[in-house]
Amino acid sequence: GGSVGLEAPIVLTGSAIGSTLGRVLRLNYKTKTLLIGCGAAAAIAGIFKAPIAAILFAIEVLMLDLTTWSMVPLLISAVTGAAVANFLLGNCVTIKDSLQMHNLGFYILLGIISGFVSIYFMKTTRIIENQFDKIKNVFTKVFVGGLMLGIIIYFFPPLFGEGFFALKSILGGNASE
């Protein structure tokens with residue numbers, strides 16, 4: 001299993017380094033999983049020069065918890081991966097150019113809004129999970145889940161597939177596509 005596409009070899013290499021380190025240090029499963037995520041995040045950040053996207057990739061693929069315990073190491077790994085790639089390849093890291101002090105208020109506002117959205121997301125997810133737990137028939141769960149997913153994809157087509165094209169459009173300033 002794993003990633004499919006051009007990023008697969010580097011993600012698997014970064015993840016293998018994290019896994020090996022966790023195994024050598026005899027770390028528990030949760031910490032080892034985090035190290036695998038850190039390796040994947042550093043690899044993605046290094047090849048795409050996009051540390052934030054790398055963190056999101058690692059969280060999505062490995063289904064890590066969104067806690068300080070997981071976010072700080074992922075952030076450090078992703079920024080380090082992008083910085084090392086910048087140093088070795090000579091290209092500038094996009095996050096360095098986009099962060100400007102005169103936009104600090106907007107960054108703070110974005111952080112506050114993102115916090116409220118994450119609370120809403122977590123509560124909504126719990127409500128949906130509780131409703132699904134009430135359904136006892138597995139086939140009914142699959143049908144309802146598939147129907148909901150189909151409706152969501154119908155109204156938001158960029159959600160179908162891996163999301164590379166949607167992410168590329170958003171990062172290119174074409175969020176409406």
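## A first look around

The protein chain exposes about 13,000 Å², with carbon and sulfur atoms supplying 73% of that area. Keep in mind that this is a predicted model. Buried residues come to 22% of the 177 residues in the protein chain.

What does the secondary structure of the protein chain come to? It's eight helices and zero strands, so the pattern along the sequence reads α-α-α-α-α-α-α-α. As for how the chain meets itself, take the contacts with a separation of 6 or more: residues 24 or more positions apart account for 54% of them.

The average pLDDT of the protein chain is 76, and 76% of the residues score at least 70.

| Helix | Residues | Mean pLDDT |
|---|---|---|
| α5, lowest | 94-98 | 50 |
| α7, highest | 138-155 | 90 |

There's also a stretch to read with care. Over residues 92-96, pLDDT stays under 50. For those residues the model has 11 contacts beyond four places in sequence.

## Zooming in on α3

Helix α3 covers residues 51-62. With 12 residues, α3 reaches 16 Å from its first C-alpha to its last, close to the 16 Å expected at 1.5 Å a residue.

Which residues of α3 are buried? They are P51, A54, I55, F57, A58 and I59.

Is A53 buried or partly exposed? A53 counts as partly exposed because its relative accessibility is 24%, while buried would mean under 20%. A53 and A41 are 12 residues apart along the chain, and their C-alpha atoms are separated by 8.5 Å.

Now hop over to helix α6, which covers residues 104-134 and includes L104. L104 counts as partly exposed because it has 40% relative accessibility.

Methods:
Residues are numbered from 1 along each chain as its sequence is written. This is a predicted model: local features need pLDDT of at least 70, side-chain atom pairs count only at pLDDT 80 or more; totals for chains, interfaces and linings use all residues. Side-chain values use heavy atoms; hydrogens and water are left out. Helices (H or I, at least four residues) and strands (E, at least two) are DSSP runs, numbered from the N terminus. Buried means under 20% relative accessible area, exposed over 50%, partly exposed in between (1.4 Å probe, protein chains only). Contact means heavy atoms within 4.5 Å. Accessible areas come from the Shrake-Rupley method with a 1.4 Å probe; for residues, only the protein chains shown count as cover. pLDDT is the predictor's confidence in each residue, from 0 to 100. The expected span of a helix is 1.5 Å times one less than its number of residues.
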